[in-house]
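Please keep the sequence and the structure in view while reading.

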Amino acid sequence: MEKNDLASSYFNKSFLFYQKLPISRELANYYDGLAQIAYTQNLFQVQRDLYDKSLEIRKNLHIDYDTDYAQVLTNKAMAYQKQGDYQQADSLYQQSFTLLI
């Protein structure tokens, strides 16, 4: 099995595991980590979906105002930027910056 296939296998197993965890800040952090792994696999839509899941959890927990939330917005913006969607990236960078000032 190639490294990439092995990584994808672990990614899929992790994703299924994390979906079963209770809603918490830690779960949001796990989704962030999985999104970063998706990035290394060039799974950009999966990455954006995972960041959306993290942001949604943080909103539901009313922790959508802190530096962690801003970091997720920045990470998601970088994903859009990498794909050439500069308008969406700019919007997310602005939202992140607003939280940090």
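This is a predicted model: local features need pLDDT of at least 70, side-chain atom pairs count only at pLDDT 80 or more; totals for chains, interfaces and linings use all residues.

Which exposed residues does the face of α5 turned away from its buried side carry? They are Q87, F97 and T98.

**Helix α5**

- Helix α5 runs over residues 86–100, which makes 15 residues.
- From its first C-alpha to its last, α5 reaches 21 Å, close to the 21 Å expected at 1.5 Å a residue.
- Buried in α5 are A89, L92 and S96. These residues cover an arc of only 70 degrees around the axis, so they sit on the same side of α5.
- An α-helix has 3.6 residues a turn, so residues three or four places apart point the same way.

- Two packed helices are described by the angle between their axes and the distance between the axes.
- For α4 and α5, the axes come within 8 Å and cross at roughly 165 degrees. Angles over 145 degrees count as roughly antiparallel, and α4 and α5 are therefore roughly antiparallel to each other.
- The crossing in which α4 passes α5 is left-handed. On the α4 side, the contact is made by T67, Y69, A70, L73, T74, K76, A77, M78, Y80 and Q81. On the α5 side, Y86, Q88, A89, L92, Y93, Q95, S96, L99 and L100 take part.

**Positive phi in two loops**

- Most residues other than glycine have a negative phi.
- N42 has a positive phi, near 60 degrees, and is a residue other than glycine. N42 lies in the loop between α2 (25–40) and α3 (44–60). Its relative accessibility is 52%, and because exposed means over 50%, N42 counts as exposed.
- H62 is not a glycine either, and its phi is positive at about 60 degrees. The loop between α3 and α4 holds H62. With 59% relative accessibility, H62 counts as exposed.

- Q47 is part of helix α3.
- Is Q47 buried or exposed? Q47 has a relative accessible area of 2% and is therefore buried, the cut-off being under 20%.
- Apart from neighbours within four places in sequence, Q47 is in contact with A35, A38, Y39 and A79.

Conventions. Residues are numbered from 1 along each chain as its sequence is written. Side-chain values use heavy atoms; hydrogens and water are left out. Helices (H or I, at least four residues) and strands (E, at least two) are DSSP runs, numbered from the N terminus. The expected span of a helix is 1.5 Å times one less than its number of residues. Buried means under 20% relative accessible area, exposed over 50%, partly exposed in between (1.4 Å probe, protein chains only). The arc is that of the directions from the helix axis to the C-beta atoms. Axes are lines fitted to C-alpha atoms, for helices over the stretch in contact, and angles run from 0 to 180 degrees between N-to-C directions. Angles under 35 degrees count as roughly parallel, over 145 as roughly antiparallel, 65 to 115 as roughly perpendicular and the rest as oblique. A crossing is left-handed if the near helix is turned anticlockwise from the far one by less than a right angle, and right-handed if clockwise. Contact means heavy atoms within 4.5 Å.
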